[in-house]
Structures are given as C-alpha cells and as structure tokens.
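Please keep the sequence and the model in view while reading.

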Amino acid sequence: MSIIEEAPLKHVGRSLRRKEDPRLITGSATYVDDLSLHGMLHAAIVRSPEAHARIVSIDTEAARAHPGVRAVYTGEDLADLLAPLPMAWAPPGVDMTAPERWPLARGKVSHVGDGVAMVVAEDKYAAADAVQLVQVEYEALPVVVDVEEALTDATLVHESLGTNKTHEWSMGGGDVERALADADVVIERRIVNHRTAGAAIETRGVIAEYRAGQLTVWSSTQVPHLVRLFFAVQMGISEDKVRVIAPEVGGGFGSKLQVCAEETLCAWASKHLGHPVKWIETRSENMAVSHHGRDQVDHVRMGATKDGRITAFHAKIIQDCGAYFGLLTPMIPELGAFVMTGCYAIENVRTDIVGVLTNKFFTDAIRGAGRPEMTHMLEVTIDQLAAELEMDPIELRRKNFISADQFPYETPYGITYDSGNYAGTLDRALEMLDMDAFRAEQAELASQGILRGVGFSTYTEICGLAPSRAVGPKGFGLGIGLYESALVRVHPTGSVTVFTGASPHGQGHETGFAQIVADRLGCDPQVVEVIHGDTATGPMGLGTYGSRSLSIGGVAAAHAAEKLAEKCKAIVAFNLEAAVEDIDVGSGKFSLAGDPDKGMTLAEIAGCAYIDATAMPEGMELGLEQTLIYDPSNFVFPFGAHVCVVDVDAVTGKVDVVRWIAVDDCGPAINPMLIDGQIHGGVAHGIGQALYEQVVYDERGQLVTGTFMDYALPTAEEIPGIETDRTETPSPSNSLGVKGIGEAGTIAATPAIVNAVIDALRHEGVTYLDMPLTPMRVWQALQEARGRGDGPRSTEQGVALSPEAQGSAGSGPTTPEGGAA
C-alpha cells in the first residue's frame with residue numbers, strides 16, 4: 001500500500017502560515033542589491049534613445065577618462081562570446097525567421113532602450129555619470145510599431161531578414177470552414193489584447209564573480225539552472241564551473257523567466273576585469289527593457305445553431321513579438337492555443353498564428369503566458385454570441401460545457417484534459433452571487449445613475465508544464481524537457497532538508513513542500529527546510545513558471561519522501577521484529593499498526609541509518625537520502641468560474657469593481673491559504689490589465705509609459721474583497737491529484753471584467769469594448785452610443801469608437817489615457 005493511502009495527512013490541507021514570511025516582512029531577507037563583494041565594480045548601460053537607427057559612431061573617450069571608471073565596452077568588444085542570447089523554441093516543421101540578439105547592439109539599434117555600451121566603474125554613481133559621457137551618433141531609420149502595419153513589410157525592423165513575419169503556426173481539428181458555412185449564426189470580432197508590463201516589486205539585478213576559473217552569479221531569476229546552462233554555452237565555460245544563485249527575487253510574473261543581456265554582460269566583464277561586477281535595474285529600465293506581455297490582435301469567428309450549440313471557433317492571432325525574441329517569445333500564443341476550446345465541447349476549431357516584428361521591446365511570458373489571451377478572446381466571444389442569440393450567457397455556457405462524465409476528454413487538437421466538473425464551479429459561484437438579488441439591486445442603482453453589471457468567466461488552463469515527450473525537441477519544440485527534481489535528506493537528528501529544482505518568488509514553496517514531505521515522513525513541517533534557487537545544491541531543475549511548481553516539483557518531493565518512508569518502514573520493522581506492511585506513519589512516528597505506542601520517531605530511525613549499522617536490515621545502504629527526477633505523463637488542467645460585479649459612473653465613465661467571486665478547482669488543497677493568496681494576486685493582475693495598465697509607444701517608437709506616473713498599477717483601493725471558494729477534482733496525472741493555481745486568477749479575470757462592463761452598458765447601446773476600460777474610453781463610448789459623440793454610432797459589433805475613443809486599443813502608436821483616474 002502506498003504512503004499516500006496509508007498516511008493520515010496531518011499537515012496537508014491545513015492553512016499553515018508561510019514559513020518564509022517572517023524574514024520577508026521584517027526586512028531580514030536577502031535580495032541581490034543587499035549583497036556586496038570585496039572589490040566589486042558597478043555596471044550601467046548606455047541605451048538607445050532611438051527606436052530604429054544605424055550606429056554611426058560611439059565615442060567612449062570622455063567616459064573612460066571619468067574618475068572611477070574601469071572600462072567601457074561596446075558590442076564589438078564582446079566578439080569572444082560564443083553564442084547570442086537564447087531563444088529556446090524551435091518547433092519541428094515550422095520555418096522560423098529569428099533575429100540574433102546580442103547583449104549589446106552591433107551596428108544598429110532596433111528599439112528604444114537597446115543596449116549600446118556598458119560602463120563599469122568603482123561605484124554606481126560614477127557609472128551612471130559616465131553613461132552620460134558616452135557620445136553615440138545615430139542615423140535614424142523608419143520605425144514601425146503597429147503590428148498589422150508591420151505585417152505588410154513596408155518598413156522592415158531587420159533589413160537583413162527581408163520580412164517582419166517571424167513564423168506561421170496553425171493547429172486545427174474538424175472542418176472549421178464547413179461548420180461556419182453551415183452555422184445558423186456566425187459572429188466575427190476583432191479583439192485586442194494590449195501590451196502590459198510585469199512590473200515586479202523588485203527590479204532585476206545581477207552580481208557576477210569570475211575567480212580562478214569559476215563563475216558565480218547571483219541573479220533575481222526564476223530559472224537559475226537554465227541561466228547556468230546558457231552561460232556555459234555563451235562563455236565556453238564547463239557547466240560544472242558555473243554556479244547561479246537566486247536569492248529573494250522580489251516577484252517575477254514571468255518577467256524574470258529570461259536569460260538577460262545584463263546577466264551575460266556582468267559575467268563577461270567580471271571574467272575580463274578580474275572583479276565582481278554588479279548591475280541593478282532602475283525602474284525606468286524595468287519598464288523599457290524587462291520583457292512585456294500580451295500584445296495580440298485576434299480576429300475571431302464563432303458559429304452556432306439557433307438554440308446555442310457552438311459548432312465552430314476560429315482565431316487568427318497576430319502576435320507582436322517586438323524587435324527580437326526572448327527565451328520563449330514566439331511560443332506564447334501557441335501555448336494558449338492548446339486550450340482554445342476552453343471548457344466547451346466544440347468539435348471544429350482552428351488557430352492560425354503569425355508572429356510579427358516591430359520596433360518595440362520583445363514580448364514573452366507574463367503571468368499566464370498565452371492562456372489569458374486565449375481565455376479572454378473565448379469568454380468575451382461567448383458573451384457576444386449570447387447577445388446575438390438573445391440567450392442568457394450562463395445558459396449558453398451550460399449548453400456547451402464538457403460534462404463531468406466525459407473526462408478524460410480529448411479535444412479536437414488531440415490534447416487530453418485530465419479531469420473537470422465545470423458545471424460544479426459555476427453552480428457554486430452562482431449560489432454565492434444570488435442572481436435574482438443582483439438583478440433587483442441593478443435596477444435600483446440604475447435609477448440613481450449607477451450602471452451595475454455582472455460578468456462571468458468560466459475557464460480552464462493547461463499548466464504543469466513538463467511532459468518531456470510532449471514539450472521537448474521532438475514534441476512541441478522546446479530545447480529541453482521540463483521535468484523537475486527533488487532531493488530529500490533526513491539528518492541524524494531527524495530534521496529534514498528538501499532540495500528542489502523549482503525556484504519560487506512568492507509562491508510559498510518553503511511551506512507547501514514542507515507540508516507534503518512532513519506527512520510522508522511523520523514529522524512536523526517546522527523541521528523541514530526547503531532549499532531552492534542554488535545550482536550548487538540539489539540536482540538539475542527547470543525553475544518556476546507556468547503553474548508547474550506543485551504538480552511537478554511538489555510531486556517530485558512527495559515521491560522522494562515516499563521512497564525514504566519505505567526505507568524508514570523497513571528499518572522500524574527490523575527493529576520491532578514486525579512485517580514492513582504492518583508499519584504505519586503518522587502522529588510523529590513510524591509505529592506498529594494498531595499499537596501506536598510501539599514505534600520509532602524519525603530521529604530514532606535516522607540514528608540507526610547514520611550511527612548504528614547493526615540496527616539496519618542486512619544489506620541495506622546506510623544513510624537516509626533520496627534523489628528523484630519526476631517527468632509526468634500529461635499536463636494538468638485546473639478550471640473555475642469567476643464572477644465580477646462592476647459599477648460604471650454614467651457621467652465620468654469610471655469603472656469600479658465592487659465584488660469578486662472566485663471558485664477554482666486545482667485538485668486537493670495542500671495549503672488553502674496559499675491558494676487564496678495566489679488567486680488574490682492573480683485577480684489583481686487581471687484587474688490591472690482590464691482597467692488601468694498599458695504599455696504605450698508613440699508613432700516614433702518612443703515609450704510613453706516609462707514610469708509609474710504613466711503606467712497605472714491598481715492599488716489596494718481598486719481591488720475589492722475577493723470571495724473565494726473551491727471544488728476539488730483530483731487530477732489522475734499525478735499521485736497528489738494536484739493542479740496549478742498561480743495564474744488562474746489572471747487567466748479568468750479580464751473577460752469577467754469586460755463582460756461585466758458590457759452588461760452594465762448594453763442597454764445604453766454599448767455592446768463591445770477593448771481593454772483597457774479607462775474612464776475616457778467608457779465615457780466616449782457612452783457619448784457615441786447616445787448620439788452625442790463625433791464618431792460613427794454603430795457597426796455590426798455594436799458601438800464603434802472613434803480613434804480618439806479607442807485611444808490605445810490597438811497595437812499601434814497611441815498616447816496614454818489618463819491612467820487610473
């Protein structure tokens with residue numbers, strides 16, 4: 001019998017306080033900028049003010065002469081780098097036009113902020129001053145920032161490539177065109193998912209020290225082992241001579257899932273100068289050259305029967321990749337395509353994706369990575385179809401849900417959903433909402449000039465990114481399989497150390513993983529220490545992203561602990577002269593079944609394993625340690641139903657989120673408090689994109705939203721109390737039955753908000769709007785709908801806003817719309 005079945009789970013399922021929080025909230029945690037090494041130098045980057053230009057000359061003489069400056073480097077100085085910055089996706093059968101990206105520009109710049117030179121000085125102030133002394137002469141080139149304009153190739157981002165189109169990728173199932181032709185109703189929409197920033201609370205930072213043939217790097221990264229791998233390749237250093245340490249990261253959201261130019265620059269400079277080199281990103285740099293997310297234009301078509309059965313769904317996705325590729329840039333929309341049908345049994349579906357280069361910084365994974373974009377287009381289109389059919393959007397969803405008895409369910413794309421009960425989460429959300437009471441309140445508020453609306457989002461997502469056969473070089477095309485590792489070590493005193501290849505930045509691994517291991521070894525989580533983020537400890541790991549940590553890293557730790565527990569049982573059985581199958585674990589010890597007083601604590605077992613070989617079964621290896629690499633057979637597919645209630649001020653257009661209900665299913669809860677925390681953060685992230693946040697470039701490629709004065713993040717005042725609940729539908733894909741949760745709130749949020757605002761405004765004649773739903777945009781839509789605006793009153797999509805009203809709805813040049821108002 002397995003440990004999972006036997007062990008009374010005393011700690012898993014409890015809302016234990018996070019073990020990592022005391023150091024974080026008392027200021028005793030260590031971030032990169034807290035570190036100072038002997039002889040350390042400081043780096044600063046000279047960045048291009050031009051969005052597209054040839055570099056005519058770089059004069060570094062004055063900067064080199066500045067007091068305290070040790071060196072100034074340009075792109076040509078880095079000729080001994082063996083490889084450019086990596087892009088890790090190369091799908092079989094897809095022709096990829098990929099521009100090389102070097103740490104410093106060579107010959108030309110392609111976006112504002114492109115690195116042109118690096119100054120290394122004795123302190124950060126001298127470095128910052130010397131940056132201003134580097135004189136760069138540019139020859140300006142034409143700029144293209146609108147993704148649909150870029151697709152015409154009228155202006156090329158990289159002349160050497162001959163095109164701005166990076167790749168085309170299609171996936172389909174059934175016969176979409178025939179199904180659309182045969183449908184009773186077909187709706188078409190152009191949906192813009194605008195560019196956003198990761199905006200982590202701590203910016204990026206790195207210290208690199210090359211000494212005696214060894215390279216040690218401290219970096220605020222989500223993927224220390226991948227950084228080590230690529231450093232070895234770029235710099236020609238044996239991988240065993242490279243150590244990467246991720247101290248406290250200070251939030252990531254995907255923006256630190258990258259092998260960054262500045263990391264490579266510091267490592268290279270340290271090797272050449274013989275001193276540690278440190279670089280800390282400014283907030284303005286963070287907004288300009290930490291990768292952005294989203295930025296898609298989606299052309300969607302959905303067909304249905306008159307009674308609401310969805311028969312076809314097609315999406316053409318135009319992805320703005322920016323000027324270069326990051327680590328995963330071209331694969332982000334493809335990741336979302338795997339769940340294009342969402343919770344619905346749609347037999348005919350096709351996704352056509354085209355990647356496009358523009359003179360902007362590159363896009364890559366930001367919380368959700370393709371799945372928020374796909375869920376947004378699907379869930380908004382569902383509500384648009386419901387309106388066309390004059391059907392309740394809840395009824396339309398129910399009619400098309402995959403039923404609970406259909407799992408495991410194979411989608412038209414050949415993806416197997418592991419488990420689900422979509423109606424169950426929606427039922428619970430509606431029970432919490434009380435729709436009748438809501439509609440009565442809505443009517444009462446309307447008489448006071450307050451437009452109240454409710455929106456729904458029923459989502460599923462693909463996460464637990466790992467199955468090597470599915471995602472590796474011969475599958476989806478990643479350059480490496482995404483397994484995960486764990487090493488569990490019981491010390492002679494009975495305390496436990498878990499080394500995980502996952503690399504958290506706020507998820508709570510030190511608590512959740514400790515709960516899992518403690519239950520399997522019959523000890524208290526407080527004596528279980530979880531070590532992460534250091535490539536010199538534990539086996540190779542792949543990091544934290546894609547809601548993979550628990551279902552891959554946590555399961556690896558569980559399996560390693562189970563193997564140790566079997567060894568512990570054998571030791572106890574030997575000492576009690578009992579059968580191994582008669583030994584149970586629980587209540588702080590391994591004991592004889594039916595007689596809990598007869599047993600041994602973990603410390604006593606460890607004493608046998610390390611100290612007294614005579615207390616061990618014949619032939620058993622000494623010590624108490626287990627390493628395990630876990631590669632699952634399938635992804636996991638969490639799901640849920642979110643409900644958003646908004647009030648729209650009919651005079652100003654300001655949208656207030658007044659209530660949020662989130663019912664999610666991520667399988668059995670390890671720590672419910674951690675789940676709630678992830679949902680709260682994810683919803684806040686989605687509210688930010690839907691109402692406030694937007695990265696904006698003007699027609700010259702200048703970044704208009706380069707500070708938090710221009711880029712409006714939501715504050716606690718804008719986030720309502722979030723009412724959470726959950727159902728538990730175990731995944732058959734792993735022994736814990738768990739699924740991911742870190743991105744669920746973000747994936748669900750934006751369509752719930754947009755649908756709620758349209759519900760509030762529909763009777764005013766506003767039937768569709770793109771994000772962000774700023775006061776200006778909503779007000780303009782209301783004016784045009786009431787016939788008082790300057791733009792056209794309506795199109796087949798409802799109200800068509802004038803360019804002034806749409807503002808920055810598209811991917812092209814815009815100006816900010818007044819932030820959070």
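Helix α16 is mostly covered, with 13 of its 13 residues buried; buried here means under 20% relative accessible area, with a 1.4 Å probe and protein chains only. The model is a predicted one, in which local features need pLDDT of at least 70, side-chain atom pairs count only at pLDDT 80 or more, and totals for chains, interfaces and linings use all residues. Residues are numbered from 1 along each chain as its sequence is written, and side-chain values use heavy atoms, with hydrogens and water left out.

Helices are DSSP runs (H or I, at least four residues), numbered from the N terminus. Helix α16 covers residues 509–521 and reaches 18 Å from its first C-alpha to its last, close to the 18 Å expected at 1.5 Å a residue; the expected span is 1.5 Å times one less than the number of residues. After α16 comes Gly522, which has a positive phi near 65°.

A pair of helices comes next. Helix α17 (residues 549–576) packs against helix α18 (residues 602–610) at an angle of about 85°, with their axes 10 Å apart; axes are lines fitted to C-alpha atoms over the stretch in contact, and angles run from 0 to 180 degrees between N-to-C directions. This angle makes α17 roughly perpendicular to α18, a term for 65 to 115 degrees.

Finally, helix α19 (residues 672–692) has 21 residues and reaches 29 Å from its first C-alpha to its last, close to the expected 30 Å. Of its 21 residues, 15 are buried, so α19 is largely enclosed by the rest of the structure.

Note on methods: Helices (H or I, at least four residues) and strands (E, at least two) are DSSP runs, numbered from the N terminus. Buried means under 20% relative accessible area, exposed over 50%, partly exposed in between (1.4 Å probe, protein chains only). Angles under 35 degrees count as roughly parallel, over 145 as roughly antiparallel, 65 to 115 as roughly perpendicular and the rest as oblique.
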